[in-house]
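Please read it alongside the sequence and the coordinates shown here.

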Amino acid sequence: MLEIWGRRDSANVQAIMWCIAELNLPYKRHDVGHRYGGNDTAEFLAMNPNGTVPVLRDGDGEPLWESGAILRYLAHVYGSDEFWPKDPMARAKIDKWAEWAKVTFEQAFAVPIFWQVVRTAPSKQNHAAIREAIARLDRILDIAEAQLSRQTFLAGEVLTLADVQFGHLLFRYFTIEIERKERPCLQRYYEALVERPTFREHVMVSYEALRVVD
């Protein structure tokens, strides 16, 4: 039994939960963080001294934190050879896109755009900075568009860990109030993810509780 600490509307928690669902693993999740609190208790800090979510414990194993490390652990222990290959080069071809999604795409989207549009009061938003951030993000998403013009998923013809790292943020990207370039391949890819019950359950979660208003 997997045990997860983290609220449903945390993007990093959503990536973990979507992965768990794709791998069809039993789990128990605890709402922790943001409005729920609980991430500053001695008990929680003993598991993760950073006080952040998600945290995962697999049975009696050591608690794991940092979503990328958790995802790679789940993929290695429970994933199929297609989802997370045993061959080092085949795995690296997936992992490079997973890292690109986590390091390049997420860092260009989460704080400079999502936090500014949703988690900042409208009166305090810097619209010029948001436009500049969207322009930088567009160059990154052009890379995804080119990649998806050649294949069904980010790293090939089947869903892999790379898609979990990338796709879990697309619900937010496609639903926040920003201008978006037309990218037919990215749109097709997102619509295919939406068709997955696991994606709808664990990723398409309202983020209105995170919205800051004046």
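A residue is called buried when its relative accessible area is under 20%, exposed when it is over 50%, and partly exposed in between, with a 1.4 Å probe and protein chains only. The model is predicted, so local features need a pLDDT of at least 70 and side-chain atom pairs count only at pLDDT 80 or more, whereas totals for chains, interfaces and linings use all residues. Residues are numbered from 1 along each chain as its sequence is written, and side-chain values use heavy atoms, with hydrogens and water left out. Helices (H or I, at least four residues) and strands (E, at least two) are DSSP runs numbered from the N terminus, and contact means heavy atoms within 4.5 Å.

**Helix α3**

- The buried residues of α3 are S67, G68, I70, L71, L74 and A75; seen down the helix axis they fall within an arc of 165° (taken from the directions from the axis to the C-beta atoms), so they line one face of α3.
- These buried residues pack against β1 (2-5), α1 (11-22), β3 (55-58), β4 (64-65), α4 (88-117) and α6 (161-167).
- Helix α3 (residues 67-78) has 12 residues and reaches 16 Å from its first C-alpha to its last, close to the 16 Å expected at 1.5 Å a residue, where the expected span is 1.5 Å times one less than the number of residues.
- L74, found in α3, counts as buried because its relative accessibility is 0%, and, leaving aside residues up to four places away in sequence, L74 touches L2, I16, C19, I20, L23, L25, L56 and G79.

**Helix α1 and its packing on α3**

- In α1, the buried residues are A11, V13, Q14, A15, I16, M17, W18, C19 and I20; with 9 of its 12 residues buried, α1 is therefore largely enclosed by the rest of the structure.
- The axes of α1 and α3 come within 10 Å and cross at roughly 5°, with axes being lines fitted to C-alpha atoms, for helices over the stretch in contact, and angles running from 0 to 180 degrees between N-to-C directions.
- The two helices α1 and α3 are therefore roughly parallel, a label for angles under 35 degrees, while over 145 counts as roughly antiparallel, 65 to 115 as roughly perpendicular and the rest as oblique.
- N12, A15, I16, C19 and I20 of α1 make this contact with S67, I70, L71 and L74 of α3.
- By class, the contact of α1 with α3 has 7 nonpolar, 2 polar and no charged residues, where Ala, Val, Leu, Ile, Met, Phe, Trp, Tyr, Cys and Pro count as nonpolar, Asp, Glu, Lys and Arg as charged, and the others, Gly among them, as polar.
- Just after α1, N24 takes a positive phi of about 60°.

**Helices α5 and α8**

- The axes of α5 (residues 127-148) and α8 (residues 184-194) come within 8 Å and cross at roughly 75°, and α5 and α8 are therefore roughly perpendicular to each other.
- L141, E145 and L148 in α5 meet P184, C185, L186, R188 and Y189 in α8, and the residues of this contact divide into 6 nonpolar, no polar and 2 charged.
- R136 lies in α5 and is partly exposed, with a relative accessible area of 40%.

**A residue of helix α9**

- T198 is found in α9 (residues 197-202) and, at 16% relative accessibility, counts as buried.
- Not counting residues up to four places away in sequence, T198 touches W18, A21, E22 and V203.
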